[in-house]
Amino acid sequence: MVSPLGFGVVGERVGADWKGLSDIGQAYGGVAALLTAVTLPVLAVSLVVQAREVRVAREQALRATHNELTALGMGDPDLLGVMRPLPDDSPRGLREEKRTYYANLWMSYWISRYRVDRLTNGALAGNCRGLFATESGREYWAGARAAWLARHPRGRDRRFINIVERAYLDAVENGPPADASEPAAPRSAVPYRRLAYVGAGIGACAAGALISVLRRRTRNPR
């Protein structure tokens with residue numbers, strides 16, 4: 001309420017041209033409008049980025065909780081059978097169930113990286129080729145693909161599912177998977193086995209030569 005009087009006193013003392021100052025103020029008002037027009041889109045983009053970061057942080061927290069629950073189940077067979085019954089009580093059934101949970105962890109990790117542009121299409125396809133080269137990987141996706149398709153019907157998640165599905169179909173078309181259930185023979189056993197065969201052959205030859213010598217001495221005693 002007092003400021004107009006104060007401006008009037010100051011203007012009289014300094015001889016200010018209020019009309020000119022008003023024109024200058026209006027000119028700055030136009031510049032301010034341009035700056036506001038530029039600032040609003042930047043502010044909108046900043047809000048979108050912040051919302052995305054909050055969503056990613058929330059998803060990472062949920063993923064960490066899921067990983068902890070899965071780790072508890074994989075470490076204790078009694079807990080592993082809480083969510084769904086195990087195929088049977090044999091060691092193979094428990095082992096395959098653990099591999100299913102492990103494959104699901106990898107798939108969840110890949111889609112989390114794919115959502116934030118940390119995993120390219122080519123890298124995802126390469127990871128899936130390695131997963132579906134094994135029998136356990138194919139069995140996991142054959143049983144989980146319907147649930148993944150239902151949970152991710154559109155958007156970037158849908159592109160992720162399409163890449164995984166294409167890699168799975170290509171792997172099936174290329175032939176049967178590698179049998180991961182049968183452990184490969186250790187490489188160190190092969191040389192020793194060959195040496196054993198060679199040693200046995202040399203021993204047989206030496207024994208035959210010794211027997212022939214003894215026979216000759218028996219037939220021709222001195």
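**View 1. Aromatic cluster of Tyr-114, Phe-132, Trp-141, Trp-148, Phe-160 and Tyr-168.** These six side chains form one aromatic cluster in this predicted model. A search of the whole structure finds 8 aromatic pairs, where rings of Phe, Tyr and Trp (its six-membered ring) pair if their centres lie within 6.5 Å, and planes under 30 degrees apart are called stacked, over 60 edge-to-face and the rest tilted. Tyr-102 and Trp-106 make one of these pairs, edge-to-face, with 6.3 Å centre to centre and 85° between the planes. Both residues lie in helix α4, 4 residues apart, about one turn of the helix. Tyr-102 is partly exposed at 45% relative accessibility, and Trp-106 is partly exposed at 36%; buried means under 20% relative accessible area, exposed over 50% and partly exposed in between, with a 1.4 Å probe and protein chains only.

**View 2. The tilted pair Tyr-114 and Phe-160.** The ring centres of Tyr-114 and Phe-160 are 5.6 Å apart and the planes stand at 55°, a tilted pair. Tyr-114 belongs to helix α4 and Phe-160 to helix α7 (residues 155-174), so the pair ties together parts that are 46 residues apart in sequence. Tyr-114 is buried, with a relative accessible area of 2%, and Phe-160 is buried at 0%. Helices are DSSP runs (H or I, at least four residues), as strands are (E, at least two), numbered from the N terminus.

**View 3. Arginine side chains over aromatic rings.** The charged end of Arg-156 sits over the ring of Tyr-114, 4.1 Å from its centre. Arg-151 lies over the face of Trp-148, at 5.2 Å from the ring centre. A charge sits over a ring if NZ of Lys or CZ of Arg is within 6 Å of the ring centre and within 35 degrees of the ring normal.

**View 4. Surroundings of Trp-141.** Trp-141 is found in helix α6 and is buried, with a relative accessible area of 0%. Not counting residues up to four places away in sequence, Trp-141 touches Met-107, Phe-132, Trp-148, Ile-161, Val-164, Glu-165 and Tyr-168; contact means heavy atoms within 4.5 Å. The side chains of Trp-141 and Glu-165 are joined by a polar contact of 2.9 Å. A polar contact is a pair of N or O atoms within 3.5 Å; within protein, one must be able to donate a hydrogen and the other to accept it, and residues adjacent in sequence count only if both atoms are side-chain atoms.

**View 5. Asn-104 in helix α4.** Asn-104 is found in helix α4 (residues 91-115). Its side chain makes a polar contact of 2.9 Å with the side chain of Tyr-140. Leaving aside neighbours within four places in sequence, Asn-104 is in contact with His-66, Tyr-140 and Trp-148. The C-alpha atoms of Asn-104 and Trp-141, 37 residues apart along the chain, are separated by 8.8 Å.

**View 6. The largest nonpolar core.** This core has 22 residues, of which Met-107, Leu-124, Phe-132, Trp-141, Trp-148 and Phe-160 touch the most other members. The elements giving two or more residues to the core are α4, α5 (121-131), α6 (135-151) and α7. The largest share, 7 residues, comes from α7. A nonpolar core is a set of buried Ala, Val, Leu, Ile, Met, Phe, Trp, Tyr and Cys residues joined through side-chain atoms within 4.5 Å. Beyond four places in sequence, Phe-132 touches Gly-137, Arg-138, Trp-141, Val-164, Ala-167, Tyr-168 and Ala-171.

**View 7. Asp-117 in the loop between α4 and α5.** Asp-117 lies in this loop and has a positive phi of about 60° although it is not a glycine. Most residues other than glycine have a negative phi. Asp-117 is partly exposed at 49% relative accessibility.

**View 8. The whole chain.** The chain has 8 helices and 0 strands. Buried residues make up 19% of its 222 residues. Among contacts between residues at least 6 apart in sequence, 63% join residues at least 24 apart.

**Notes.** Residues are numbered from 1 along each chain as its sequence is written, and side-chain values use heavy atoms, with hydrogens and water left out. In this predicted model, local features need pLDDT of at least 70 and side-chain atom pairs count only at pLDDT 80 or more, while totals for chains, interfaces and linings use all residues.
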